[in-house]
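This text walks through the side-chain contacts of one protein model. Please look over the sequence and the structure before reading on.

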Amino acid sequence: MSKPTWIDQTLNAAVKLRFSSDQLTGISGLLSGLGVQKAGIYMPDWQQYCPDLSGVRQQLELWGIIDITVCELEWLVQAGIKQVIVVVRNFCPDDGIANLEAVMVKAGRLGLDVALLLEGLANLGQHDLAAVIGKINSYSLKTVFYGDENGSGNYLTICDQITLLKNNLHCPIGIRAGNAYGLATANTLAAMKAGVRQVMTAVAGIGSCAPWEEALMAAKQFTGQDIEIPPALAGKCQQVLAALQLTISAAKAIIGPAIFAHESGLHVDGVNKDPWLYEPFAPELVGLSRQLIIGKHSGTTALKTKFAAWGIRLEEVESKKLLASVRALAVRNKSAISDDELQRLYLSG
């Protein structure tokens with residue numbers, strides 16, 4: 001089983017915001033540092049201000065993305081991009097084929113490699129899907145992407161449909177899952193299970209794509225493949241987001257700074273005994289660390305663990321007394337308490 005190829009959509013967010021050429025090059029460098037090798041850019045957004053992409057092309061293999069109804073392929077030549085993903089929405093074998101024929105002829109004349117992104121396939125039955133396959137098999141395509149930008153598909157349907165596509169198309173299959181209903185990661189994994197190896201994602205799910213870090217980690221955990229996780233993954237993803245002037249929730253899966261924070265006495269006790277009870281992977285794998293939060297939900301185990309890290313051994317009696325003070329302060333503050341506050345409570349005795 002070959003490893004997935006990620007086609008990143010993060011850079012496209014910067015183009016949509018009209019970042020300068022230097023800024024785009026900087027973000028490309030950050031993505032390259034994460035191991036990203038390919039990126040897609042929506043050409044109508046690029047055409048609005050035509051930034052120079054020469055610095056980006058030195059670091060990433062670029063695909064131009066364009067709707068079949070627009071299809072100004074000359075924009076790709078102007079941008080120095082050699083590969084195009086043509087988006088076909090609600091593809092109909094009878095109505096859409098004439099436009100596709102014209103696009104393929106024009107792309108051949110311009111020396112462009114062509115992939116298709118077919119939106120709306122989740123709404124097709126097996127008979128209609130087979131008709132689609134019959135029509136597009138007559139063209140020389142790099143890839144056919146299964147598109148579900150509205151998130152209307154479910155992982156069972158997507159797995160079945162992509163299996164049919166994979167078994168009958170003459171080119172590789174890709175996936176672009178939308179996250180309107182929070183299913184982008186699940187649907188992407190279903191597609192990968194069905195044999196997809198070209199996957200459109202974005203760091204932290206920017207643009208309603210499948211979050212790259214979630215798909216990456218899930219592919220490593222569940223497919224059994226030897227997929228390398230970049231060192232300091234969480235921090236590097238946060239650098240990309242900072243460059244885009246975006247923030248994420250502290251609880252964002254995989255890369256949120258607080259995903260390994262434990263406050264509940266039950267959680268802390270469980271993590272001390274066996275981290276796998278509450279942590280699906282070691283924090284160090286993504287460059288994070290475990291945090292013990294002291295607040296109104298804490299128990300004596302959390303206090304003992306916290307003070308042990310400071311070289312102080314709490315007895316059971318004093319830990320119970322300190323816990324009462326901790327909970328009272330946390331309730332008054334309506335928040336967890338800091339290390340300084342905890343130490344002052346301990347010293348005040």
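How many disulfides does the count come to? The count comes to zero, where a disulfide is a pair of cysteine sulfur atoms within 2.5 Å. A disulfide is a covalent bond between the sulfur atoms of two cysteines. For cysteine 159, the closest cysteine sulfur belongs to cysteine 171 and is 18 Å away, which is too far for a bond. Cysteine 171 is buried, at a relative accessible area of 14%. Here buried means under 20% relative accessible area, exposed means over 50%, and partly exposed lies in between, with a 1.4 Å probe and protein chains only.

The model is predicted, so local features need pLDDT of at least 70 and side-chain atom pairs count only at pLDDT 80 or more, while totals for chains, interfaces and linings use all residues. Residues are numbered from 1 along each chain as its sequence is written, and side-chain values use heavy atoms, with hydrogens and water left out.

Next come the charged side chains. A salt bridge is a side-chain nitrogen of Lys or Arg within 4 Å of a carboxyl oxygen of Asp or Glu, and a search of the whole structure finds 12 of them. One of these joins arginine 89 to aspartate 67, at 3.2 Å from N to O. Arginine 89 lies in strand β4 (residues 83-89) and aspartate 67 in strand β3 (residues 61-67), so this bridge links distant parts of the chain, 22 residues apart. Helices (H or I, at least four residues) and strands (E, at least two) are DSSP runs, numbered from the N terminus. Aspartate 67 is buried, with a relative accessible area of 13%, whereas arginine 89 is partly exposed at 37%.

Arginine 89 also meets glutamate 149 in a salt bridge, at 2.3 Å from N to O. Glutamate 149 sits in the loop between β6 (144-148) and α8 (155-168), 60 residues apart from arginine 89 in strand β4. Its relative accessible area is 30%, so glutamate 149 counts as partly exposed.

A further salt bridge brings together glutamate 316 and lysine 304, at 2.3 Å from N to O. Glutamate 316 belongs to helix α14 (residues 316-333) and lysine 304 to helix α13 (residues 300-309), so the pair ties together parts that are 12 residues apart in sequence. Both are partly exposed: glutamate 316 at 34% relative accessibility and lysine 304 with a relative accessible area of 30%. As for shared partners, salt bridges join Asp67, Arg89 and Glu149 into one network.

The aromatic rings remain. Rings of Phe, Tyr and Trp (its six-membered ring) pair if their centres lie within 6.5 Å; planes under 30 degrees apart count as stacked, over 60 as edge-to-face and the rest as tilted. The count by this rule is three aromatic pairs. Phenylalanine 307 and tryptophan 310 have ring centres 5.1 Å apart and planes at 75 degrees, so they make an edge-to-face pair. Phenylalanine 307 is buried, with a relative accessible area of 1%, while tryptophan 310 is partly exposed at 31%.

Phenylalanine 307 pairs with tyrosine 346 as well: the centres are 4.9 Å apart and the planes stand at 50 degrees, so this pair is tilted. Since phenylalanine 307 lies in helix α13 and tyrosine 346 in helix α15 (residues 339-348), the pair ties together parts that are 39 residues apart in sequence. Tyrosine 346 is partly exposed, at 28% relative accessibility. Phe307, Trp310 and Tyr346 form one aromatic cluster.
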